[in-house]
Amino acid sequence: MTKPLRVKVNSDVLFEVPAQSDASLLQSMEQAGVEAHFHCRSGFCGACRTHLISGEVAYTTEPLAYVRRGDILPCVCVALSDLELEH
Amino acid sequence: MKYSTFNQALVNPLIEPMFFGNSVNVARYDQQRHSIFEKLIEKQLSFFWRPEEVDVSRDRVDFHAMSDSEKHIFISNLKYQTLLDSVQGRSPNIAFLPIVSLPELETWIETWSFSETIHSRSYTHILRNLFGDPSEVFDDIMVNDEIKKRATDISKYYDDLIFHTQLWQTQGEGDITIDGETYTVTPRELKKKLFLCMNSVNALEAIRFYVSFACTFAFAEREMMEGNSKIIRLIARDENLHLTSTQHILNLWQYGEDDPEMQEIAEELKDEALAIFTSAVEQEKKWAHYLFKNGSMIGLNEQMLCQYVEYIANLRMAAIGLEPQYDQTSNPLPWMNKYLVSDNVQVAPQEAEISSYLVGQIDSEVSATDFGDYDL
Ligand SMILES: [Fe+2]
Ligand SMILES: [Fe+2]
């Protein structure tokens, strides 16, 4: 079994997600107690916009909101590697 | 540059800018410069709803049980939203269609504006149910100073762009004097007006609606005015998509992914764009003050609403590369989010039946005409 991935948010929250997660990154962040910003939860509003400091994500749904350079939309993606985020 | 409804020049829409290039001729989507706009069209169409599908009849009892200050809050918000959607139901068409250069964006603008007309019709649906004759409410929009103050700011950037585009399309470039006043019309000036207008529309859909949305959902939290709340959720979902479209336009300019001159203008007018945002925030806070002048409502007061405006403004500013200006980084009204989640927008079973009934009716009409001449 692949070992879980480590996600660090705002340099104060650290949690693990399974390497093949069914939950969106946003859900994982919420489960870890991050007070996340969100509205639509389906990739078109962009309210959950998060800065990706390091790591790689994969989109499960193509985002319709504009994703600025260095940003990700956690409501429609999952971690592919360890991540460092600013939310 | 005279406008033509079918520009006969051979143009390649794959290298046209979004605006102020050649006008569109063939409405084709097999090739697209910015395919995001067709995706937004598809999403908007998938959101399609009709006000009549939402049963608002139970709201009447709730409304009559409200205190006078709550009635003031509820009705004032509906008036303000009526104003906003009156503007949005026509202005993107009138301001942007004469200058758009990409078929996918042209069709997005039309689709966007059309959805605003559904919002406008839903206010009549809501008010008819509450009053029988809602004319007093609508008539007040034109004489209410608090609403008129906002109308000026909302329409002025559109009006300025529309007027200068008309001058350019009828008289060309140069200094043009009309009724003793001289206007300088150059492609650069027109593009600046477009940039400011797009920022003003962005701010409108990013924050202006949210004070009223918060009040609606605060009533819904108390299980009041739930029919109205259901309609406002559908409107909020549409507005989020519209917002995404203007954020796309502003970001495409800013990142130099469209017209290079618009990238320069975006840099040059960054402070003005910021000022459009912050002044919208201030106006919305004043609106919150006006709403609560006769007293608050359970679960919501002026201070919380103002904090929410700041919170949401920060998010919206970051989305277009503006520095967030406010201290409010956490959401003061966390319950708002459950009304803004798009999956949660569902019509009740009996309402779903209404739409399937209508779909069935259309089907049977089609079959009646199609097979009318046949002996089945
Ligand atoms: Fe609208
Ligand atoms: Fe809108």
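What follows are my entries, topic by topic.

**Ground rules.** I am working from a predicted model, where local features need pLDDT of at least 70, side-chain atom pairs count only at pLDDT 80 or more, and totals for chains, interfaces and linings use all residues.

**First iron.** I looked up what holds the iron ion (ligand 1), and its protein donors are Asp85(B) (OD), Glu116(B) (OE), His119(B) (ND1) and Glu239(B) (OE), lying 1.9 to 2.1 Å from it. Donors here are N, O and S atoms within 2.8 Å of the metal (3.2 Å for Na, K and Ca), and sites may look incomplete because water is not among the atoms. The four donor atoms subtend angles of 89 to 151°, which makes the arrangement irregular. For the record, four donors count as tetrahedral if all angles lie between 85 and 135 degrees; four count as square planar and six as octahedral if opposite donors are over 155 degrees apart and all others between 65 and 115; anything else is irregular.

For the iron ion (ligand 2) I found Glu116(B) (OE), Glu205(B) (OE), Glu239(B) (OE) and His242(B) (ND1) as protein donors, lying 1.9 to 2.1 Å from the ion. Their spacing along the chain is E-x88-E-x33-E-x2-H. This site is irregular too, since its four donor atoms subtend angles of 93 to 156°.

**Between the irons.** How far apart are the iron ion (ligand 1) and the iron ion (ligand 2), and which residue coordinates both? They are 3.7 Å apart, and Glu116(B) coordinates both. Glu116(B) lies in helix H4 of chain B and Glu239(B) in helix H9 of chain B, so the pair ties together parts that are 123 residues apart in sequence. I take helices (H or I, at least four residues) and strands (E, at least two) as DSSP runs, numbered from the N terminus.

Are these residues buried or exposed? Glu116(B) is buried, at a relative accessible area of 0%, and Glu239(B) is buried, with 0% as well. Buried means under 20% relative accessible area, exposed over 50%, and partly exposed in between (1.4 Å probe, protein chains only). His242(B) is buried as well. In H9 of chain B, Glu239(B) and His242(B) sit three residues apart, about one turn of the helix.

**Helix H1 of chain B.** In this helix (residues 36-46) I noted Ile36(B), Phe37(B), Leu40(B), Ile41(B) and Gln44(B) as the buried residues. They cover an arc of only 145° around the axis (taken from the directions from the helix axis to the C-beta atoms), which puts them on the same side of H1(B). Leu45(B) and Ser46(B) are exposed on the other side. The cover over the buried residues includes helix H4 (103-131) and helix H9 (226-254) of chain B.

**Cores.** Which residues touch the most other members of the largest nonpolar core? Phe19(B) and Phe96(B) do, out of 123 residues. A nonpolar core is a set of buried Ala, Val, Leu, Ile, Met, Phe, Trp, Tyr and Cys residues joined through side-chain atoms within 4.5 Å. I also found a second, separate core of 15 residues, with Met29(A), Leu52(A), Val57(A) and Ile72(A) among them.

**Strands.** In chain A, five strands form an open sheet in the order E2-E1-E7-E3-E5, with mixed pairing. Two strands pair if DSSP finds at least two bridges between them. The edges are E2 (13-17) and E5 (71-72) of chain A, each pairing on one side only. Strand E3 (residues 50-54) of chain A runs antiparallel to E5(A), joined by two bridges; His51(A) has Asp71(A) as its bridge partner.

In chain B, E1 (residues 174-178) and E2 (residues 181-185) pair in the antiparallel sense over five bridges, and Asp175(B) stands opposite Thr184(B).

How values were computed: Residues numbered from 1 in each chain as written. Chains lettered and ligands numbered in written order. Heavy atoms only, no water. Contact = heavy atoms within 4.5 Å.
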